[in-house]
Amino acid sequence: MEVFENPASTFVAGFIGSPPMNLMEVNVAGDGTVQTVDGLALEISPLQVPSQVRGRKVIMGMRPEHMLLNTQGVPAEVEMVETLGSEQLVHCRCGKSTLVVRCTTRQLSESSAKVGDRVNVGPDGRHPLHWFEADTGRRVQGL
């Protein structure tokens, strides 16, 4: 569980968990606002952005099961909905990044997201975001 909850690098984050952690290269301003490297503004609460990453280019990680559809976060387009019985994996495109959101059947039916839809996806606010160095992929020190 320690490795799952606090992966030491993007390499570890990419193979622990199914599906693996979503990873996006982002620019973080000094005030905690976040943008993709493509320039898309992300609606991430500054409370979820630690001081160690402010004013830097980093990789932000979000677990698929710790994300929600139609919430503050990242504007994205639904590319595929993968039905797994009681839950679905909603695959979305945000600029150059692909994000996967794990939803229950009920959550998906309430949001009615389907291929081609524009949605916002983002963190659930109950689980922390993960932050990694852009150049090495290692977890940001002090987090």
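Predicted model: local features only at pLDDT ≥ 70, side-chain atom pairs only at ≥ 80, totals over all residues.

Residues are numbered from 1 along each chain as its sequence is written, and side-chain values use heavy atoms, with hydrogens and water left out.

**Stop 1.** Select residues 22-28 (β1) and 34-36 (β2): these antiparallel partners share 3 bridges. Look for Val 28, sitting opposite Val 34 of β2. Both strands belong to an open, antiparallel sheet of 5 strands, ordered β3-β2-β1-β4-β9. Its edges are β3 (41-42) and β9 (130-133), each pairing on one side only.

**Stop 2.** Now find the open sheet of 4 strands, β7-β6-β5-β8, also paired antiparallel. β7 (97-104) and β8 (118-123) each have a single partner strand, so one side of each lacks a neighbour in the sheet. Next, select β6 (residues 87-94), which is joined to β7 by 8 bridges. Cys 94 faces Ser 97 in β7.

**Stop 3.** Which residues have the most contacts inside the largest nonpolar core? Select Val 26, Val 121 and Trp 131; the core has 28 residues. Such a core is a set of buried Ala, Val, Leu, Ile, Met, Phe, Trp, Tyr and Cys residues joined through side-chain atoms within 4.5 Å, buried meaning under 20% relative accessible area (1.4 Å probe, protein chains only). β5 (67-83) gives the most, with 5 residues.

Terms used:
Pairing = 2+ DSSP bridges. Helix = DSSP H or I, 4+ residues; strand = E, 2+ residues; numbered from the N terminus. Buried < 20%, exposed > 50% of the residue type's maximum accessible area, 1.4 Å probe, protein only.
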